[in-house]
Amino acid sequence: MHPRLPLFPEQASTMAPRVDLLYFFLIAVSLFFGVLIATLLVSFAIRFRRRPGDSIPPIIHGSTVLELTWTIIPFSLAMVIFLWGAWLFFAMSRPPDNAHEVFVVGKQWMWKLQHLEGRREINELHVPIGQAVKLTMTSEDVIHSFYVPAFRMKADVVPGRYTTAWFEATRVGEYHLFCAEYCGTSHSGMIGRIVVMEPADYQAWLSQNAPNPTGLLAPGGAQPASLSPAAAGEALFHDRGCTSCHQPQGGALGPSLVGIYGKRVKLQDGSEVVVDDAYLRESILHPTAKVVAGFQPVMPTFQGQLDEEQVLQLIQYIKSLQPSGTESSGGVAAAHAGAAEPAS
Ligand code: CUA
């Protein structure tokens, strides 16, 4: 696109050339009109300058053709920019279904990442080339922003909610990761790198025994580094006594969680809610906010008792709970059927 202009970061994702193209279009349009207006300004100033004698110009009444022209052209241009931008925006916000999942927790002042299979990283993310990677992100404290200029990707990482972003790297190499939202004293130090590898190298990296960063990540310290988020969530689910109320067959105190992910459930007030990451997170931290119909608001809050990584792990575990007969990665879940609809 642009011949080695050092003003621009490398194009290293499928999105990068598309974002740049729109950007260059905007620059071209701005340049065109900037030059046009400046030229007209100067030439009109000269051509219609005051001359001795004829100081009163002829009166001009409106011109429909002229007015239509200067309405339709800018309108069309604005619509092109809008539609093009919206198209790109949708492409950037919808990760492909086969995307490799990575969970990101921002924290003053570091990035904690975990692959779906369990591999953890701090301030580094290793990914294979040519594979879509979906990030599910949240923050332990304040607003951060996950920014990889070479991928033309930037997304806020917000406490109390999940944001997602995705990219597909197209070039092997190492790329800067920045925090792009001022988040306190060491904001500028909240940096890292994305390492894009050939698929074979990536597999080798995955299987090699990297130094175990668990001690840094989980002060509780019990989890081996290779435990997948769902498996860690399963352990937590039992540790915290969730099983006493959320039995697979459903109980008097709490609904069964088997197969609920992605489903709609009825609430006490008659409304419905889709069971997604955000709803599960809310139900763990603010259990009385949206109580499923047929149950009492008796669940204690886990606010302050679980960190964001643990909440993510619980969600991954609940996601993995599928009634038998369907594919299950959860293990436990496969044994229990018939509890897909938790509403009474
Ligand atoms: Cu985190 Cu700035």
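**Chatting about the cores and the sheet**

Colleague: Which residues touch the most other members of the largest nonpolar core?

Modeller: Val 265, Tyr 279, Ile 284, Leu 306 and Val 311, out of 28 residues in that core. A nonpolar core here is a set of buried Ala, Val, Leu, Ile, Met, Phe, Trp, Tyr and Cys residues joined through side-chain atoms within 4.5 Å, where buried means under 20% relative accessible area with a 1.4 Å probe, protein chains only. Keep in mind this is a predicted model: local features need pLDDT of at least 70, side-chain atom pairs count only at pLDDT 80 or more, and totals for chains, interfaces and linings use all residues. Residues are numbered from 1 along each chain as its sequence is written, and side-chain values use heavy atoms, leaving out hydrogens and water.

Colleague: Which element gives the largest share of this core?

Modeller: α7, with six residues. Helices are DSSP runs of H or I, at least four residues, and strands are runs of E, at least two, numbered from the N terminus.

Colleague: And what does Val 311 touch?

Modeller: Tyr 162, Arg 281, Ile 284, Leu 285 and Leu 306, not counting residues up to four places away in sequence. Contact means heavy atoms within 4.5 Å.

Colleague: Switching to the sheet, what's the strand order?

Modeller: β3-β2-β1-β5-β8, an open sheet of five strands with mixed pairing. Strands pair if DSSP finds at least two bridges between them.

Colleague: Why is one side of β3 and of β8 left without a neighbour in the sheet?

Modeller: Because β3 (120-122) and β8 (163-168) stand at the edges, each with a single partner strand.

Colleague: How many bridges join β1 to β5?

Modeller: Seven, and the two strands run parallel. Val 105, for one, has Thr 138 in β5 as its bridge partner.

Technical notes
Buried means under 20% relative accessible area, exposed over 50%, partly exposed in between (1.4 Å probe, protein chains only).
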